[in-house]
Amino acid sequence: MLVFVLAACSKKEDVNYAEQQAAFDEAQIKSYINDNKIVATRDPSGVYYSVLTPGTGAYPTATSTVNVNYTGKFTDGTTFDSGNFTTVVNGNVIEGWKIGLQKINTNGRLLLMVPSALAYGPQGRGTIPANKVLVFTIDMLSIK
């Protein structure tokens, strides 16, 4: 019985922590949007995006292969990564990219604001600390 009670408390604490982090991320993204005077749309997942330059043609699907140029920053403006990347939309990318890549078509530019749970979460990765909101500028070069 004691094990059940402890397990239930642990799960409740995890849920509360996840909810608190989600609320913190949401506030941080909204502040970033406001401070930078961005017009953005909130996806039901919690990802925010702004189409900076509309592209042309069809949008990628989860199984499309895309080639993009990107720059990744923290909300304080610090760049943590940039480059060119080819991937299947639903491939080995963070969840926020799986959602965001389907919002832009060829020759379009997208600003993508990703809450930490849809990025690298509480574990972080490399130079990206735990629970960081990430901001990407993505140029869609091609879709196959």
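The predicted model has 5 salt bridges, a salt bridge being a side-chain nitrogen of Lys or Arg within 4 Å of a carboxyl oxygen of Asp or Glu. Because the model is predicted, local features need pLDDT of at least 70 and side-chain atom pairs count only at pLDDT 80 or more, while totals for chains, interfaces and linings use all residues. Residues are numbered from 1 along each chain as its sequence is written, and side-chain values use heavy atoms, with hydrogens and water left out.

Start with E26 and R42. Their side chains meet in a salt bridge, 3.2 Å from N to O. E26 lies in helix 1 (residues 2-35) and R42 in strand 1 (residues 41-42), so this pair ties together parts that are 16 residues apart in sequence. Helices (H or I, at least four residues) and strands (E, at least two) are DSSP runs, numbered from the N terminus. R42 counts as partly exposed, at 42% relative accessibility. On this scale buried means under 20% relative accessible area, exposed means over 50%, and partly exposed is in between, with a 1.4 Å probe and protein chains only. K30 joins in too: E26, K30 and R42 are linked in a network of salt bridges.

Next comes D43. It forms a salt bridge with K103, with the closest N and O atoms 2.9 Å apart. D43 sits in the loop between strand 1 and strand 2 (48-53), and K103 in the loop between helix 2 and strand 5 (109-114), so the pair ties together parts that are 60 residues apart in sequence. D43 counts as buried at 12% relative accessibility. K103 is partly exposed, with a relative accessible area of 23%.

A further salt bridge joins R109 and D139, whose closest N and O atoms are 2.6 Å apart. R109 is in strand 5 and D139 in strand 6 (residues 134-143), distant parts of the chain 30 residues apart. R109 counts as partly exposed at 34% relative accessibility.

Now step back to the fold. The protein has 2 helices and 6 strands. Along the sequence they follow the pattern α-β-β-β-β-α-β-β. Of the 144 residues, 38% are buried.

Turn to the aromatic rings. A pair of aromatic rings is described by the distance of the centres and the angle of the planes. Rings of Phe, Tyr and Trp (its six-membered ring) pair if their centres lie within 6.5 Å; planes under 30 degrees apart count as stacked, over 60 as edge-to-face and the rest as tilted. The count comes to 5 aromatic pairs. One of them is Y70 with W97, edge-to-face, at 5.4 Å centre to centre and 80° between the planes. Y70 lies in strand 3 (residues 65-74) and W97 in helix 2 (residues 95-100), so the pair ties together parts that are 27 residues apart in sequence. Both Y70 and W97 are buried.

The charged end of K132 sits over the ring of F74, 5.0 Å from its centre. The rule here asks for NZ of Lys or CZ of Arg within 6 Å of the ring centre and within 35 degrees of the ring normal.

Of its 13 lining residues, the closest to the centre are Y70, D81, I94, Y120 and R125. A pocket is an open set of points on a 1 Å grid over the protein atoms alone, where a 1.4 Å probe fits, with protein on both sides within 12 Å along at least five of seven lines; lining residues have an atom within 4 Å of a point. Strand 4 (residues 79-88) gives the largest share of the lining, 3 residues. By class, the lining has 9 nonpolar, 2 polar and 2 charged residues. Ala, Val, Leu, Ile, Met, Phe, Trp, Tyr, Cys and Pro count as nonpolar, Asp, Glu, Lys and Arg as charged, and the others, Gly among them, as polar.

Finally, look at the loops. K37 has a positive phi of about 50° although it is not a glycine. K37 lies in the loop between helix 1 and strand 1 and counts as exposed at 74% relative accessibility. N107 is not a glycine either, yet has a positive phi of about 70°. N107 is in the loop between helix 2 and strand 5.
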